[in-house]
Amino acid sequence: MTGAPASPQGAAPLVGVVLVSHSAAVAEAVAELAAGLTGGAGDVPVAPAGGGPDGGLGTSSDRIAAAARSVDRGAGVAVIVDLGSAVLTVKALLAEAELPEGTRLVDAPFLEGAVAAVVTASAGADLAAVEAAAAEAYTYRKN
Amino acid sequence: MNALPADGTAIDAAFLRRWLDTAATVIDRESKRLTDLDSPIGDADHGANMRRGFLAARTAVEQEPPDTPGGVLVALGRQLISTVGGASGPLYGTLLRRTGKALGDEPAVSAAQLRDALRAGVEAVAQLGGGAVGDKTMLDALYPAVDALTAALDGGGSTAEAFGAAAAAADEGVRATVPLRARKGRASYLGERSVGHQDPGATSAALLITALADTAKGAAV
């Protein structure tokens with residue numbers, strides 16, 4: 001990692017983003033919203049991992065691991081999560097090295113962090129820059 | 001080195017498979033009560049989630065039985081993380097997997113070795129969830145259980161007596177969660193309204209420790 005953003009057309013692979021929500025609909029909608037705000041960079045590797053093992057509300061470690069593998073281009077994967085079991089499941093998977101190398105749990109608000117991460121990743125930034133952009137979303141005040 | 005305790009209770013893979021069988025049966029039987037406890041302060045899925053996880057784990061271990069006690073616990077922990085779907089999945093998964101890893105590849109272990117491994121597992125859970133005793137979580141049953149296990153074994157108690165003491169301490173820990181205010185998980189959003197309810201996670205933890213005591217009692221006969 002050089003720390004310098006590569007150009008979107010450059011050889012450097014893009015950072016992947018995984019969005020883990022208790023709700024499949026939330027994860028998919030936020031992924032769609034974030035990808036839609038990249039200004040037409042259609043190939044940003046972002047994957048939703050929403051819902052539990054039975055498809056209801058909850059967290060599925062298998063779905064998270066599959067999503068992380070699907071967006072891994074070798075530049076690292078930023079995982080953004082919503083609540084409770086989503087946080088704990090990603091931490092447990094990281095502790096057991098069951099996610100691709102270079103996967104990081106990013107401390108960020110779910111929707112705003114997802115948009116910041118996906119837009120930043122689509123511009124070719126490295127994992128540290130994607131993480132910083134997502135975390136910075138906490139400081140964005142609304143009044 | 002002979003790892004077997006003097007009273008002849010071999011804590012081997014068969015022992016832990018019997019424990020898992022008992023635990024899965026108890027969780028299955030008690031799943032409605034766990035979910036009822038989870039209704040006022042949680043999201044009313046603890047019993048259903050634990051039931052799904054333990055029944056899947058029992059089937060997986062029956063189909064491919066590990067040949068070490070550590071192997072049984074690691075396999076169980078992995079199944080729980082992938083099938084439970086709620087916070088109890090990664091928490092119990094981490095507890096059991098870390099305990100199993102601490103046991104290593106030994107074909108049989110002493111109660112003291114299991115106690116040490118269990119303490120490592122409980123500490124891993126505390127670290128994962130950032131919790132402590134008094135937060136109204138499973139730790140309120142698990143820490144007293146490990147402490148009682150330690151005291152009983154240090155006092156020269158048999159394996160069955162020590163696990164019996166651990167189960168009693170876990171139950172005591174469960175009752176102690178009733179007046180507590182939750183500081184972790186969904187219940188923490190309720191603030192003062194979480195007071196007066198027994199914690200479902202501590203309750204399921206005590207069921208697992210009681211199943212361990214029952215398994216040891218059966219094995220010692």
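**Close-up views of a predicted two-chain model**

**Figure 1. A salt bridge between the chains.** Arg52(B) and Asp54(A) are joined by a salt bridge, in which the closest N and O atoms are 3.0 Å apart. The structure shown here is a predicted model. Between chain A and chain B, the count is six salt bridges, and a search over all chains of the structure finds 20.

**Figure 2. The contact between chain A and chain B.** Chain A contributes 15 residues to the contact, and chain B contributes 18 residues. Together the two chains bury about 1,300 Å², of which 53% lies on carbon and sulfur atoms. On the side of chain A, the residues that lose the most area to chain B are Pro53(A), Leu88(A) and Glu96(A), which together account for 39% of what that side buries.

**Figure 3. Glu98(A) and Arg78(B).** The side chains of these two residues form a salt bridge with an N to O distance of 3.5 Å. Glu98(A) belongs to the loop between α3 and β4 of chain A, whereas Arg78(B) belongs to helix α3 (residues 69-83) of chain B, and the pair therefore joins two chains. Glu98(A) is partly exposed, at 31% relative accessibility. Arg78(B) is also partly exposed, with a relative accessible area of 42%.

**Figure 4. Salt bridges within chain B.** Arg181(B) and Glu192(B) form a salt bridge whose closest N and O atoms are 2.9 Å apart. Both residues lie in the loop between α7 (159-176) and α8 (200-220) of chain B, eleven residues apart, and the pair links distant parts of the chain. Glu192(B) is exposed, with a relative accessible area of 52%, while Arg181(B) is partly exposed at 41%. Between the chains, salt bridges with shared partners connect Glu96(A), Glu98(A), Arg78(B), Arg97(B), Arg98(B) and Lys101(B) in one network. A further salt bridge joins the side chains of Arg29(B) and Glu30(B), at 3.9 Å from N to O. Arg29(B) counts as exposed at 59% relative accessibility, but Glu30(B) counts as buried at 17%.

**Figure 5. The open sheet of chain A.** Four strands form this sheet in the order β2-β1-β3-β4, with parallel pairing. Strands β2 (46-50) and β4 (103-105) stand at the edges with a single partner strand each, so one side of each has no neighbour in the sheet. On average, neighbouring strands are turned by 20° against each other, direction ignored. Five bridges connect β1(A) and β2(A), and Leu19(A) has Pro48(A) in β2(A) as its bridge partner. Three bridges connect β3 (residues 77-81) and β4(A), where Val79(A) stands opposite Leu105(A). Four of the five residues of β2(A) are buried, and this strand is mostly covered.

**Figure 6. Helices lying across the sheet.** Helix α1 (residues 24-36) of chain A lies across β1 (16-21) and β2, and runs at about 165° to β2(A). Helix α3 (residues 84-95) of chain A lies across β1, β3 and β4, and runs at about 145° to β4(A).

**Figure 7. The nonpolar cores.** The largest nonpolar core contains 64 residues, and Trp19(B), Phe54(B), Leu76(B), Tyr92(B), Leu95(B), Met138(B) and Phe163(B) have the most contacts inside it. Neighbours within four places in sequence aside, the residues in contact with Met138(B) include Leu91(B), Tyr92(B), Leu95(B), Val125(B) and Ala205(B). A second, separate core has 22 residues, among them Val15(A), Ala34(A), Val46(A) and Ala121(A).

Technical notes: Residues numbered from 1 in each chain as written. Chains lettered and ligands numbered in written order. Predicted model: local features only at pLDDT ≥ 70, side-chain atom pairs only at ≥ 80, totals over all residues. Heavy atoms only, no water. Core = buried A, V, L, I, M, F, W, Y, C linked by side-chain atoms within 4.5 Å. Buried < 20%, exposed > 50% of the residue type's maximum accessible area, 1.4 Å probe, protein only. Contact = heavy atoms within 4.5 Å. Pairing = 2+ DSSP bridges. Axes fitted to C-alpha atoms, helices over the stretch in contact; angles between N-to-C directions. Buried area = accessible area lost by both parts, 1.4 Å probe. Salt bridge = Lys/Arg side-chain N within 4 Å of Asp/Glu carboxyl O.
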